Structure formats: structure tokens, C-alpha cells
Amino acid sequence: MAYQGVIKTYKEFLPVNEKTPYVTLLEGNTPLIQARNIPAKIGLDARLFFKYEGLNPTGSFKDRGMCMAVAKAVEDGSKVIMCASTGNTSASAAAYAAHANLQCIVLVEGGGIALGKLAQAMIQGATVVEIDGNFDQALKLVKEITEIYPITLVNSLNPFRIEGQKTASFEIVDQLGEVPDYHFLPVGNAGNITAYWKGYKEYYKHGKSQRLPKMMGWQAEGAAPIVRGEPVEKPQTIATAIKIGNPASWNFAEAARDESGGVIDMISDDEILTAYSLLASHEGIFAEPASAASLAGVIKYKDRGGFKGGETIVCTLTGHGLKDPDRAMKYASPPIKLKANIDDVMSVLNI
Ligand code: F0G
């Protein structure tokens, strides 16, 4: 049978009853791509895989949890959903609200989110509010508003978001035929590391897998509250998706790290951009900068002598590179401009 989306595919693992609608844009079922070139290029003796979540319907992993959160909002009779966002959650919320005929309100930092994400939320009919403040302030406002008014909060504080997102772990185990030794991923509001760890543990408990991976979370240096052990009041990073100073799922992220024997550490913006460019130019995978934090983490951990050799490593690539075209335009070499004649064109080619 053709693929039916996250809720139907994994309903035995999800909070689904006879009244829960199968809200889906056919999210999930994303490819697990084995790296061909990067291990040799960086001197890594391991099998390296990318879970390419940028291929979800709105271009990020958020769709896995959003279908579940919106389905439960519909089940509960809610008419309006709301979130704060660094961009991807707002794009996903807007899409699923449009699909399920709900109203959607998103709060974002004015000038702080990537162009593609803003465009998505706007064209998908959300009420987009740009505040003069950052994500942490936006989330605080959304929490206050949704406590008072009959509006469903769809940030990852909504437990149904985590439920949907955990399905990525199931897919990885099924695609790989085993559990990876290490799972690397970026950490922002810390919902995703929470969800992956929950998913790995549930699969293990149900006898679908024989062991658990080490969870390896990576924050940007200018937005690394968990690593530094205190909230960051003015987070800064070019990876705008993870520009968060006070993550909602902080405790769950630490639990995932500690229970799995993993690590939560940080990488610089330069390290993120190096990994971003490597992924695109050496694997043909265009992921957004925040996503590349996972590969930047692998490189950092390898350089530190963290791997023994021969491990299986999965990196989640959380969002598509087209979300943030400005970053690619700034980072890559510009096009060569020439007159329209063969001699001029051939003169610049090394052929
Ligand atoms: N990567 C991307 C592309 C993201 O958009 C996010 C979070 C993360 C990683 C981090 O995931 O928050 O679960 O730790 N984006 C949220 C948003 C905050 O509003 O789109 P997390």
C-alpha cells in the first residue's frame, strides 16, 4: 500500500483513538542517505548516514510532530493554533492549519528568520506577527496567551509534537536494520533530541531494537545555554533556526544525554558553515545551516578522538537548504559573468 503519513503508519505507538483524524501531508518516510565522500574527506573511519528531514512536505522535521498536534487540536474541537518560532515551526503550523481548516497565528523575531520560512508562513495564510524581541520572548508570550485564550499551543511544549517527532527514530532503525552507535543532531528548543530519545527507547521496549544509541546534541556557541549551564539572554548565531537562549525542553535534553551516555556540546558558526558547505559540495545534500550543526559535531568529536573506528553514525539534517537561500548566496562563490561567446566561456573553464 502507498505510504500513508506518520499518524497512520505508526498509530500503535501514537496517542490515536477512533476520534483522531488522520491529518497528513504525507510527512515522514524521509531518506537515510549514506555519505559517499565526507568520511574520506575528513578522515573519519565510520559508516556515516544522513536522515534528510529537509524532504518533509514543508522542508523540515517539524511536520512529523505538527500533523499529530494539529490532529489532536481538531479532535479537541480547537479552531485556532499558535506558536513562537525561529521559522520552521511556523511554516509547518501554517501548512497543517491550512490543510485542517484551522486558523494559525505565529510569533517570530522581526528580521530574525530565514526568508523561505517567512514566505511559507505568509503564503499559507497564517497571521504572522513579527515582534521586537527574540524567540525566547515570543515563546513566553505564546505560553501566556494560550493559557488564557482558547487557542492551542503547537510549540514542542505540546506533548503531541514530541509524539509525532519520535517516529524519526523508528524510521532510522527500520532503514538501517539496526540502531546506530551515535545519533548527532542540532539542539535549539531541545524538543527534537527529547523526541528521538523517546522514540529509540520505545522501539527498544517493544522489542523492535536490541540497544540504544548515544545521543549527541550540538548547540551554536553563541546560543549554547545547556552547554554553559545557564540561559543566554541575547543568543547569536548564523544558524537562526537554533538561535535560542532558554530551551523549553532543557531538562529532557539533559536526560537524553545522561541516560544514553551521550554529549551536548557546542560548535562555532565557522564550523557550522564548513559542514554546511561540505554537505552541499561533497554529498549533493543542501541542508540549512542549523542542520549542518550535526555534521559539525561529528567533525569536532572525531578531532577530539571521540570515535574508536568502525562505528555507525546517523546525523539528522533537520531542514532544507532552500529555506535560507541568503546564506548560500553569501557563502558560495558568485557566478562568473561573461559575454555570450564561446571563447570567453572556454577561457574560464579548466577543460
Ligand atoms: N534544526 C532546525 C532546522 C530547526 O528549525 C530547529 C528548531 C532545530 C534544528 C532544533 O530543534 O528546537 O527541537 O531542538 N526550530 C524551531 C522552530 C525552534 O521554531 O522552527 P529543537
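These are my notebook entries on a predicted model.

**Ligand**

The side chain of Ser-85 puts an N or O atom 2.7 Å from an oxygen atom of the ligand. Thr-89 uses its backbone instead: a polar backbone atom there is 2.8 Å from a ligand oxygen. Gly-188 also comes in with a backbone N or O atom, at 2.8 Å from an oxygen atom of the ligand. I checked the cover too: on its own the ligand has 470 Å² of accessible area, and the protein covers 98% of that.

**Aromatic pairs**

Next I searched the whole structure for aromatic pairs and got 14. I took a look at two of them.

Phe-13 with Tyr-203: the ring centres are 5.6 Å apart and the planes stand at 55 degrees, so I logged the pair as tilted.

The partners are 34 residues apart, with Phe-184 in strand β7 (residues 182-186) and Trp-218 in strand β8 (residues 214-220). Buried or exposed, I wondered about Phe-184? Its relative accessibility is 0%, so Phe-184 counts as buried. Trp-218 is buried as well, with a relative accessible area of 0%.

I followed the ring pairs onward and found that they link Phe-184 and Trp-218 into a cluster with Tyr-182, Tyr-301 and Phe-307.

**Surface patch**

Then I went to the outside. I noted a nonpolar surface patch of about 800 Å², made by Ile-336, Leu-338, Ile-342, Val-345, Met-346, Val-348, Leu-349 and Ile-351. Ile-336 has 62% relative accessibility, so it counts as exposed.

**Thr-274**

Last entry. I placed Thr-274 in helix α12 (residues 269-283). Its relative accessibility is 42%, so I put Thr-274 down as partly exposed. I also took a distance to Asn-246: 28 residues apart in sequence, and 26 Å from C-alpha to C-alpha.

Definitions and conventions. Residues numbered from 1 in each chain as written. Predicted model: local features only at pLDDT ≥ 70, side-chain atom pairs only at ≥ 80, totals over all residues. Heavy atoms only, no water. Helix = DSSP H or I, 4+ residues; strand = E, 2+ residues; numbered from the N terminus. Buried < 20%, exposed > 50% of the residue type's maximum accessible area, 1.4 Å probe, protein only. Patch = residues over 30% accessible without salt bridge, like charges linked within 9 Å, V, L, I, M, F, W, Y side chains within 5 Å. Areas by Shrake-Rupley, 256 points an atom, 1.4 Å probe, with all protein chains shown as cover. Salt bridge = Lys/Arg side-chain N within 4 Å of Asp/Glu carboxyl O. Phe/Tyr/Trp six-rings, centres within 6.5 Å; stacked < 30°, edge-to-face > 60°. Polar contact = N/O pair within 3.5 Å; in protein donor to acceptor, adjacent residues only side chain to side chain.
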